[in-house]
Amino acid sequence: MVQSSGLGRGHHHYQAAGKEKTSIKREILPLVKSLCQDVEYEVRSCMCRQLEHIAQGIGTELTKNVVLPELVELARDEGSSVRLAAFETLVNLLEMFDAGIFTPEQHLRFLEFYKKLCTLGLEQENGHNDNQVQLQTLEQEKKYISVRKNCAYNLPAMIVFVDPKNFNLELYSTFFCLCHDPEVPVRHTMAVGFYEMICSYYYAAMKTGPPAPPARWCVHSHEYN
């Protein structure tokens, strides 16, 4: 009798959980998607930062099918604050789940987006500055430095994201660029996080087998002259 009652309670619990998940999918997530596409960038940015908490509540499957596509689109938003919020949320999702929740296309987009943020405000490949028409204001420069500093802080997570065996090919040039950033706060963040980067590199490598050694973890002092 007691055992049967216990099983009954468990059955009702799973039924309730299933109904709650269905309700979230039907009633809540459409509103979330709507706010992610709001006409005001402040709303999109705010909603973007809430997606991390939403993902915690809805689990891997719905996160992969609903949250990630929205984040990938927000990462290409016209508003810089929205793009930064999307990047930070994506990095936090990496800590909650793993890189396997990304499709190959999403993986590539996110990686390219991260690389662009690492050079935000610096000279671009075409030889022109980001802002060719107007001189960058001090406020803009501070924002760009803050973004690159944030990229440096999150580099350990990105090493795990690309898989250590792909570090040389996918991230070494970005790593080198951040080590040579013209602004002290960015280089300082790289220096402070060096131990964590190495730990991330070898800890993740333990799961996939011995990686090739990094091209060069340290930058010789004469290269700064």
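Reply: Let's begin with a definition: the expected span of a helix is 1.5 Å times one less than its number of residues. Helices (H or I, at least four residues) and strands (E, at least two) are DSSP runs, numbered from the N terminus. This is a predicted model, where local features need pLDDT of at least 70 and side-chain atom pairs count only at pLDDT 80 or more, while totals for chains, interfaces and linings use all residues. Residues are numbered from 1 along each chain as its sequence is written, and side-chain values use heavy atoms, with hydrogens and water left out.

Me: Good to know. How many helices and strands does the protein have?
Reply: There are 10 helices and zero strands.

Me: OK, what span should α4 have, and how far apart are its end C-alpha atoms?
Reply: With 15 residues at 1.5 Å a residue, α4 should span 21 Å, and its end C-alpha atoms are 21 Å apart, so the two agree.

Me: Which residues of α4 are buried?
Reply: Q106, F110, L111, F113, Y114, L117 and C118 are. Buried means under 20% relative accessible area, exposed over 50% and partly exposed in between (1.4 Å probe, protein chains only).

Me: Now the core. Which residues have the most contacts inside the largest nonpolar core?
Reply: They are F87, F110, Y114 and L171, in a core of 54 residues. Such a core is a set of buried Ala, Val, Leu, Ile, Met, Phe, Trp, Tyr and Cys residues joined through side-chain atoms within 4.5 Å. Elements giving two or more residues to this core include α1 (2-36), α2 (41-74) and α9 (184-192). The largest share, 11 residues, comes from α2.

Me: What is L171 in contact with?
Reply: Leaving aside neighbours within four places in sequence, L171 is in contact with L111, Y114, L155, M158, I159, V162 and N166. Contact here means heavy atoms within 4.5 Å.

Me: Switching topic: how many salt bridges does the structure hold?
Reply: It holds eight. A salt bridge is a side-chain nitrogen of Lys or Arg within 4 Å of a carboxyl oxygen of Asp or Glu. One of them pairs E88 with R49, the closest N and O atoms being 2.4 Å apart. E88 sits in α3 and R49 in α2, so that pair links distant parts of the chain, 39 residues apart. R49 counts as partly exposed, at 35% relative accessibility.

Me: Which residues do salt bridges with shared partners join into one network?
Reply: E73, R76, E105 and R109. Within that group, R76 bridges to E73 with the closest N and O atoms 2.5 Å apart, and E105 meets R109 at 3.0 Å, N to O. E105 and R109 are four residues apart in α4, so they are separated by about one helical turn. R76 is partly exposed at 49% relative accessibility, as is E73 with a relative accessible area of 44%.

Me: Last one: what percentage of the 225 residues are buried?
Reply: Buried residues make up 37% of them.
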